[in-house]
Amino acid sequence: MLVALLFGTFAACLMLGVPVAISLGVASLAYLLGAGIDLTVVPQFMYTGMDSFVLLCIPGFVLAGNLMNRGGITDQIVRFSSAVLGHIRGGLGLANVGGSMIFAGISGTAVSETASIGAVMIPAMKKSGYSAGFAAALTASASTVGPIIPPSVPMIIVGTLTGLSVGRMFLAGAIPGVLMGLGMMVTCYLIARARNYPKGTWAGFGEIFNSGKAAFWAILMTVIILYGIVGGIFTPTEASIVASIYAFLVGLFIYKGFRLRELPKILLDSAIGSGALILLVGLANLFGWILTSEQIPQQIAASMLAMTENKYVIILLVNVLLLIVGTFMETIAALIILFPPLLAVATAVGIDPVHFAMICVINLMLGLTTPPVGVCLFVAGNIARVPLGTVARETVPFLLCNILVLMLVSFVPAISLWLPSLMFD
């Protein structure tokens, strides 16, 4: 009865359009009141969920992304991508994906990538003759590589939950992220040929060199973050602070995209964005404690192991489960609630924890481009000024392409484990 109250309240809040974090809190409160549990557990478990040194990465990387975005880095990335790919059929679309792959090394979140790249690329694609729905769908789909190619906020959350090495997971995401990007480029090119979308003129090696030189500082930031973490020079949390300082200096003195008087607004925006994520972590931890007290994660794990102990079947079942969950639950909340019990199942059948983390993160990233909680679809659709249904239909080819990459990563562990084994073992 109480479990029905918990999930019923949560589902009702989601259907009413209440933000996921608040929905988790309201559902938890309804359960606690129904069970007669002292409400002092609310701040206790919220604080426990948020009291993690690793979580300090989130405001650091959010601030770094905002500084680089305000500093003009997005324009430089798009310029470089367009110079390299713009002369091919559907070149602006290819540049959109390429820009997202480069920007992924800065932001660590898909939504910020959709907003940043989309603000530049969607109007440009519409002006060049691409349909608004296609431009929005491509931008939203390409943004899902943001949390796959390091740095990655979801991977930081996984590390907080389980103690897995964030550095290993960052490296594990590099090849899958590149495969996703290349797969979407191929899909974009095929659609562009079928619809006869335009191609630009060859920019010349001079423009490629000049735009590459301008984008160099963005690429260097990714190198600094990865090398610093993998090389043991600093922790992921320290890396986020280094990235913020680097982004501040580059944005202010090299790109000159903002002035010092704009810094308070950038800091405020970053604090609001980070605060929303941290609040979600705290409330999801409370929700997760209630589920654990009701033995629901344990029941899920026992049910799956009762069905089969074949690791390939388990992987397939997890993929199906998370693809469904991703359509209606926010990524961070889903990770906090579901990842620990699913990891227990995975390790019981011999699946490497880092490999399994990649499977889960990629699955839930795809949920960002599926209704009804496909946040990236909403952001891209608002920029393109097209209905959600139109964007969702245009997203289908890219979603299928990403699911194919997901299957490759799921059943060929070397794709995600080769780089970590090379650097750490």
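This is a predicted model: local features need pLDDT of at least 70, side-chain atom pairs count only at pLDDT 80 or more; totals for chains, interfaces and linings use all residues.

Residues are numbered from 1 along each chain as its sequence is written, and side-chain values use heavy atoms, with hydrogens and water left out.

Q: What makes the pair of Tyr130 and Phe134 stacked?
A: Rings of Phe, Tyr and Trp (its six-membered ring) pair if their centres lie within 6.5 Å; planes under 30 degrees apart count as stacked, over 60 as edge-to-face and the rest as tilted. The ring centres of Tyr130 and Phe134 are 6.2 Å apart and the planes are at 10 degrees, so the pair is stacked.

Q: Why are Tyr130 and Phe134 called buried?
A: Buried means under 20% relative accessible area, exposed over 50%, and partly exposed in between (1.4 Å probe, protein chains only). Tyr130 has 4% relative accessibility and therefore counts as buried; Phe134, at 0%, is buried too. Ring pairs link Tyr130 and Phe134 with Tyr197 and Phe398 into a cluster.

Q: What kind of aromatic pair do Phe248 and Phe258 form?
A: The pair is tilted, with 6.3 Å from centre to centre and 40 degrees between the planes. Phe248 lies in helix H12 (residues 236-254), and Phe258 lies in the loop between H12 and helix H13 (263-293), 10 residues apart. Helices (H or I, at least four residues) are DSSP runs, numbered from the N terminus.

Q: How do you know whether Phe248 and Phe258 are buried or partly exposed?
A: Phe248 has a relative accessible area of 22%, so Phe248 is partly exposed. The value for Phe258 is 3%, so Phe258 is buried.

Q: Why are H3 and H13 called oblique to each other?
A: Angles under 35 degrees count as roughly parallel, over 145 as roughly antiparallel, 65 to 115 as roughly perpendicular and the rest as oblique. Axes are lines fitted to C-alpha atoms, for helices over the stretch in contact, and angles run from 0 to 180 degrees between N-to-C directions. The axes of helix H3 (residues 41-50) and H13 cross at roughly 120 degrees and come within 7 Å. H3 and H13 are therefore oblique.

Q: Which residues of H3 and H13 meet?
A: Contact means heavy atoms within 4.5 Å. Among the residues that meet are Val41, Phe45 and Met46 in H3 and Ile278, Leu286 and Trp289 in H13.

Notes. Helices (H or I, at least four residues) and strands (E, at least two) are DSSP runs, numbered from the N terminus.
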